[in-house]
Amino acid sequence: MAISYVVDGAETSCTMGVNKSTLKILPTRKVVLRGSKRANIGDSAPLINILPFGFCKATSPTKPCTPACSLWSGGKTGTLVDNHLALLSNSTLICTAGGGIISITKDGQ
């Protein structure tokens with residue numbers, strides 16, 4: 001699969017989550033690609049950009065997912081979206097709550 005830019009509404013998954021989720025970009029974002037707000041590596045705020053993945057398999061007993069993340073890794077060098085590197089479809093994010101790896105499964109375009 002070709003590497004592509006990620007936009008609002010991209011599908012995400014976590015290796016410790018039981019469901020897929022959706023990446024949300026704040027309405028204040030003015031940079032768009034094909035009519036959708038472009039994502040950057042800073043779009044990683046739990047419960048704002050990164051929504052829960054159902055239940056977390058890393059907890060015992062299994063509890064509802066509450067993501068805890070920093071910045072995405074693997075942004076597009078030299079391409080800035082609101083002062084951060086543009087987010088790419090092969091970028092990943094580590095959840096410190098359960099140790100899961102969050103990835104992009106559909107870029108949203």
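Q: Start with V6. Which residues does V6 touch, not counting residues up to four places away in sequence?
A: V6 touches L23, R38, A39, L87, L88, S89, I104 and D107. Contact means heavy atoms within 4.5 Å.

Q: What sort of model is this, and how is it numbered?
A: This is a predicted model, where local features need pLDDT of at least 70, side-chain atom pairs count only at pLDDT 80 or more, and totals for chains, interfaces and linings use all residues. Residues are numbered from 1 along each chain as its sequence is written, and side-chain values use heavy atoms, with hydrogens and water left out.

Q: Back to V6. Which residues have the most contacts inside the largest nonpolar core?
A: V6, L23, I50, W72, L87 and I102. That core has 17 residues. A nonpolar core is a set of buried Ala, Val, Leu, Ile, Met, Phe, Trp, Tyr and Cys residues joined through side-chain atoms within 4.5 Å. Buried means under 20% relative accessible area, exposed over 50%, and partly exposed in between, with a 1.4 Å probe and protein chains only.

Q: New topic. What is the strand order in the open sheet?
A: The order is 2-1-10-9, with antiparallel pairing across four strands. Strand 2 (21-22) and strand 9 are the edges, and each pairs on one side only. Strands are DSSP E runs of at least two residues, helices H or I runs of at least four, numbered from the N terminus. Two strands pair if DSSP finds at least two bridges between them.

Q: How many bridges join strand 1 to strand 10?
A: Four, between residues 11-14 and residues 101-106. E11 has K106 as its bridge partner, T12 stands opposite I104, and C14 partners I102.

Q: And on the strand 2 side, what does T12 stand opposite?
A: S21. Strands 1 and 2 pair over two bridges, antiparallel, and a hairpin joins them through six residues.

Q: What about strand 9 and strand 10: how many residues lie between them in the hairpin?
A: Six, and G99 in the turn has a positive phi of about 80 degrees. The two strands pair in the antiparallel sense over three bridges. I94 has I101 as its bridge partner.

Q: Now N40. Buried or exposed?
A: N40 counts as buried because its relative accessibility is 1%. N40 is in the loop between strand 4 (36-37) and strand 5 (55-56).

Q: Which backbone oxygen lies 2.8 Å from a polar atom of the N40 side chain?
A: The one of V81. A polar contact is a pair of N or O atoms within 3.5 Å; within protein, one must be able to donate a hydrogen and the other to accept it, and residues adjacent in sequence count only if both atoms are side-chain atoms. Beyond four places in sequence, N40 contacts include R29, W72 and L87.

Q: Where is I48?
A: In the loop between strand 4 and strand 5. I48 is partly exposed, because its relative accessible area is 47%.
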